[in-house]
Amino acid sequence: ASEGDNAELANALTRLGQVLHRHGSNDRAMKKFEEAHEMVRRLYGDDSEHVAMVCNAMAATLKNQGRIAESIAMQEKALEIKRRTVSADDDSVAHLLLNLGNFYEKQGMSGEALARLEEGLSIVRRNHAERNIVEGSILCGIGQVYSHQGKLEDA
């Protein structure tokens with residue numbers, strides 16, 4: 001870590017980026033996220049949940065800026081970090097898969113969408129015996145993909 005790096009400052013930069021993002025100041029938000037990203041990488045290393053969180057926030061801003069390929073790459077990076085830092089079967093991985101699947105679906109990338117959504121569904125069903133909101137959200141996403149493909153019998 002460099003002099004001046006600290007966890008509270010990194011968190012504050014991330015929160016400020018989120019506020020700027022919500023208010024549509026995407027360029028300013030990206031600058032804060034990039035600063036936070038570099039700081040958390042120096043503080044915690046490349047494979048940390050802190051880095052994954054900032055990557056996910058950056059992905060949303062990149063999407064708003066129309067930088068779709070970069071947004072997808074950042075979401076995939078956050079997912080891979082999460083898989084390595086928590087567990088491939090953690091609920092937080094299922095949430096990221098849900099978000100990524102829905103994003104792929106909106107981009108018309110149905111194969112990628114189904115792969116992410118089905119993987120997320122598998123995780124949720126292994127972790128929870130009862131039906132839950134995440135499972136319902138994933139099933140809705142899968143239904144959306146099938147609907148857009150004209151496969152209503154599968155939806």
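Reply: Let us begin with a definition: a residue counts as buried when its relative accessible area is under 20%, as exposed when it is over 50%, and as partly exposed in between. Please keep in mind that this is a predicted model.

Me: What makes the contact of Asp46 with Arg41 a salt bridge?
Reply: The definition asks for a side-chain nitrogen of Lys or Arg within 4 Å of a carboxyl oxygen of Asp or Glu; the closest N and O atoms of Asp46 and Arg41 are 2.5 Å apart, so the pair qualifies as a salt bridge. Asp46, with a relative accessible area of 44%, is partly exposed.

Me: How do you know that Arg83 and Glu119 form a salt bridge, and where do they lie in the chain?
Reply: Their closest N and O atoms are 2.7 Å apart, and the cut-off is 4 Å, so the pair counts as a salt bridge. This pair links distant parts of the chain, for Arg83 sits in helix H4 and Glu119 in helix H6, 36 residues apart. Arg83 is partly exposed at 24% relative accessibility, and Glu119 is partly exposed too, with a relative accessible area of 31%.

Me: Why is Glu135 called buried, while Arg131 is called exposed?
Reply: Glu135 has a relative accessibility of 4%, and because buried means under 20%, Glu135 counts as buried; Arg131 has a relative accessible area of 63%, and because exposed means over 50%, Arg131 counts as exposed. The side chains of these two residues, Glu135 and Arg131, meet in a salt bridge of 2.5 Å from N to O. Elsewhere, salt bridges that share partners join Glu38, Arg41 and Asp46 into one network, and the structure holds eleven salt bridges.

Me: Which helices do the buried residues of H5 pack against?
Reply: The buried residues of H5, including Val93, Leu97 and Phe103, pack against helix H3, helix H4, helix H6 and helix H7. Just after H5, Gly108 takes a positive phi of about 80 degrees.

Technical notes. Residues numbered from 1 in each chain as written. Predicted model: local features only at pLDDT ≥ 70, side-chain atom pairs only at ≥ 80, totals over all residues. Heavy atoms only, no water. Buried < 20%, exposed > 50% of the residue type's maximum accessible area, 1.4 Å probe, protein only. Helix = DSSP H or I, 4+ residues; strand = E, 2+ residues; numbered from the N terminus. Contact = heavy atoms within 4.5 Å.
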